[in-house]
Amino acid sequence: MNDSAAEPISEALIRQYDVSGPRYTSYPTADRFVEAFTAQDYALALEQRRSGAAALALPLSLYVHIPFCESLCYYCACNKIITKHHDRAAAYLRYLSREVDLHIQHMGVGQSVSQLHLGGGSPTFLSDAELHDLMGLLRRNFKFVPGGEYSIEIDPRTIDAKRLDVLAELGFNRLSFGVQDFDPAVQKAVHRVQPVEQVFELVAAARARGFESVNADLIYGLPEQTPESFDRTLAQITELRPERIALYAYAHLPERFKPQRRISSVEIPTAAAKVSMLARSMAAFMAAGYVYIGMDHFALPNDSLAIAKRQGRLHRNFQGYSTQPDCDMVGFGVSSIGRVGATYSQNAKTLEEYYDFLDQGQFPIVRGLALTRDDLVRRGVIMALMCQGRLSYESIELAYLVNFKQYFAKELDAMAVQADQGLVTLDGSGIQVTERGWFFVRAVAMVFDRYLQTDRTRTKFSKIL
């Protein structure tokens with residue numbers, strides 16, 4: 001990458017790219033899923049995996065969605081259920097068990113798993129006994145391989161050192177703490193007050209118990225944030241020194257996410273302020289020794305994510321950047337998304353519908369997609385740009401048997417503008433994203449998105465900046 005990041009980013013460039021765009025945890029993106037993809041299509045994909053030697057050679061990734069939270073965070077766009085009635089979790093776990101049983105009927109027991117993530121909602125809404133039951137269910141039906149990544153999202157307000165003992169006993173080796181911002185005014189504005197001391201104590205306790213990696217989630221662009229206030233959070237995070245940092249831009253979409261209507265748009269930082277926060281964050285993290293993994297992830301050099309980046313083994317899936325091979329992912333629980341073979345699928349988004357499907361003995365699939373050959377080629381291109389920041393024409397040509405320059409002639413012509421702006425460099429062998437281009441890497445990837453070429457309505461996505 002060149003030194004273009006040292007030059008200031010112009011207001012004109014910011015305005016040009018201050019548009020909505022996908023995060024590309026998949027391609028095609030989830031908004032392209034269709035209801036014509038049914039539970040029967042999903043069952044067929046599972047059966048094909050069961051009998052396919054290539055698929056069986058790669059371990060699975062599992063995602064389990066726990067939708068419950070005790071309190072509402074105003075910025076949240078996740079599928080969640082706000083409740084203090086913890087007895088609701090018991091019924092949910094019974095239905096999760098039914099869903100797992102359905103999968104085993106179609107794909108067989110004992111398939112290897114190298115990645116597990118419990119997300120939400122707040123997975124730590126479950127009691128210790130319920131977490132034991134859930135992990136017992138998964139371990140009875142799947143084979144968790146040594147050296148895998150087994151992670152859980154932590155709401156620091158719902159856990160203490162004793163609960164960390166339970167998580168370690170259950171086999172979790174990675175924790176993700178929802179920090180967002182340490183500034184008290186910002187925390188109050190988004191209805192998520194958690195003292196900085198509480199997070200520091202929990203991270204210290206996690207390290208004392210031998211967890212391999214701690215991730216801290218941060219969000220920039222929240223109400224009451226300024227570049228200067230966010231600098232203080234950045235200083236505290238680099239002092240905390242988690243192995244991984246996930247830095248997300250807040251997407252204000254109140255028309256889609258009801259809790260965000262409690263946030264006044266006038267309190268949200270400007271696009272220029274958000275770019276400043278992003279630039280300061282990147283500078284602060286890299287000055288502290290972190291490796292910039294990609295669009296929203298940083299890691300210490302000895303973390304497996306940074307090692308995978310150096311070795312060219314980085315991938316991106318519905319859980320974000322991953323060290324795991326480009327493997328199938330099975331999602332359990334309400335609204336979960338999965339990938340099996342050349343298909344994507346999503347579960348019902350409400351508990352009532354999710355339960356109703358399972359009461360009928362059916363997969364709770366409500367939509368999905370069977371990928372075309374063009375989808376697969378473009379996915380390869382987009383993921384190379386998103387994960388490595390570079391693309392070799394030859395690698396795509398060998399993998400998909402296409403002539404890159406002919407197949408993507410229109411896209412390469414369009415990319416000439418980004419090359420002139422210093423976002424990418426183009427030569428006869430491939431595409432390289434520059435340092436400046438990393439600020440706009442989604443915009444670079446969007447050039448190859450065939451669906452966006454025909455549909456310019458992007459309000460369904462978050463802003464790039």
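User: What count of cavities of 30 Å³ or more do you get in this structure?

Analyst: Working from a predicted model, the count comes to three cavities of 30 Å³ or more.

User: What makes the second largest cavity part of that count?

Analyst: Its volume is about 40 Å³, and the cut-off is 30 Å³ or more. A cavity here is a space where a 1.4 Å probe fits but cannot get out.

User: Why is Tyr24 called buried?

Analyst: Buried means under 20% relative accessible area. Tyr24 has 1%, so it is buried. Tyr24 sits in the loop between β1 and α2, and it has a positive phi of about 55 degrees although it is not a glycine. Most residues other than glycine have a negative phi.

User: And why is Leu401 called exposed?

Analyst: The cut-off for exposed is over 50%. Leu401 comes out at 71%, so it counts as exposed. Leu401 also has a positive phi of about 55 degrees, and you'll find it in the loop between α14 (393–400) and α15 (404–407).

User: How do you know that the buried residues of α5 are on the same side?

Analyst: The buried residues of α5 are Glu130, Leu131, Leu134, Met135, Leu137, Leu138 and Asn141. They cover an arc of only 150 degrees around the axis, so they end up on the same side of α5. On the other side, Asp133 and Arg140 are exposed.

User: How does the span of α5 compare with what is expected at 1.5 Å a residue?

Analyst: Helix α5 (residues 128–141) has 14 residues and reaches 20 Å from first C-alpha to last, close to the 20 Å expected.

User: What makes β7 a mostly covered strand?

Analyst: Seven of its seven residues (174–180) are buried. Both faces are covered: Arg174, Ser176, Gly178 and Gln180 on one side, with Leu175, Phe177 and Val179 on the other.

User: How do you know that β7 pairs with β6?

Analyst: Pairing takes at least two bridges, and β6 (residues 142–154) and β7 share four, in the parallel sense. Ile152, for one, has Leu175 in β7 as its bridge partner. Six bridges join β7 to β8 (residues 213–220), also parallel, and Phe177 has Ala216 in β8 as its bridge partner.

Technical notes: Residues are numbered from 1 along each chain as its sequence is written. This is a predicted model: local features need pLDDT of at least 70, side-chain atom pairs count only at pLDDT 80 or more; totals for chains, interfaces and linings use all residues. Side-chain values use heavy atoms; hydrogens and water are left out. Buried means under 20% relative accessible area, exposed over 50%, partly exposed in between (1.4 Å probe, protein chains only). Helices (H or I, at least four residues) and strands (E, at least two) are DSSP runs, numbered from the N terminus. On a 1 Å grid over the protein atoms alone, a cavity is a set of points where a 1.4 Å probe fits but cannot get out, and a pocket is an open set with protein on both sides within 12 Å along at least five of seven lines; lining residues have an atom within 4 Å of a point. Grid points are joined across faces, edges and corners, and a volume is the space filled by probe spheres set on the points. The expected span of a helix is 1.5 Å times one less than its number of residues. The arc is that of the directions from the helix axis to the C-beta atoms.
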